[in-house]
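Dear colleague,

Please find below the structure that I am handing over to you.

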Amino acid sequence: MAAAVAGVGAVLALADISSPLRGPLTLFFLLAAPGAAIGSALRGLDPWGRWICAVAGAVALDLLVAEAMLATHRWSVTGGVVTIAVISVVGLVVPMVPARRLLGRAPGRRDS
């Protein structure tokens, strides 16, 4: 359900649809998407600590993207939403790939 709400927020922002729900749903997307990516990478923490770290990381990532876009004079709502979406998708996919595969090592091979 949360993914659907976040998706609607992203679509409303990207399509520039005038709706009273555009602001709150886009804000939800900007917090939920990177929060889910960060939370998936922190599987070892207890749920409360994981939730706090995910929300804090999402806010920090949003601010970092906004600051970088402002510093380079490339600010746009669409660009910010797309950037957060790309970073979030990468953050969700990378923890799913085994570390051996990322390092280019075969499962049975040991480097000396």
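The model is a predicted one.

Helix packing

Helix α1, spanning residues 2–14, and helix α4, spanning residues 77–93, approach each other with their axes within 9 Å. The two axes cross at roughly 145°, and the crossing of α1 and α4 is left-handed. On the α1 side, the residues in contact are Ala 10, Ala 13 and Leu 14; on the α4 side, they meet Thr 78, Val 81 and Val 82. Sorted by class, this contact of α1 with α4 comprises 5 nonpolar residues and 1 polar residue, with no charged residues.

Loop residues with positive phi

Asp 16 is not a glycine, yet its phi is positive, at about 55°. Asp 16 lies in the loop that runs between α1 and α2, the latter covering 22–41. The relative accessibility of Asp 16 is 54%; Asp 16 is therefore classed as exposed, the cut-off being over 50%.

His 73 likewise is not a glycine and has a positive phi, of about 60°. The loop that holds His 73 is the one between α3 (47–71) and α4. With a relative accessible area of 71%, His 73 is also exposed.

With kind regards

Terms used
Residues are numbered from 1 along each chain as its sequence is written. This is a predicted model: local features need pLDDT of at least 70, side-chain atom pairs count only at pLDDT 80 or more; totals for chains, interfaces and linings use all residues. Side-chain values use heavy atoms; hydrogens and water are left out. Axes are lines fitted to C-alpha atoms, for helices over the stretch in contact, and angles run from 0 to 180 degrees between N-to-C directions. Helices (H or I, at least four residues) and strands (E, at least two) are DSSP runs, numbered from the N terminus. A crossing is left-handed if the near helix is turned anticlockwise from the far one by less than a right angle, and right-handed if clockwise. Contact means heavy atoms within 4.5 Å. Ala, Val, Leu, Ile, Met, Phe, Trp, Tyr, Cys and Pro count as nonpolar, Asp, Glu, Lys and Arg as charged, and the others, Gly among them, as polar. Buried means under 20% relative accessible area, exposed over 50%, partly exposed in between (1.4 Å probe, protein chains only).
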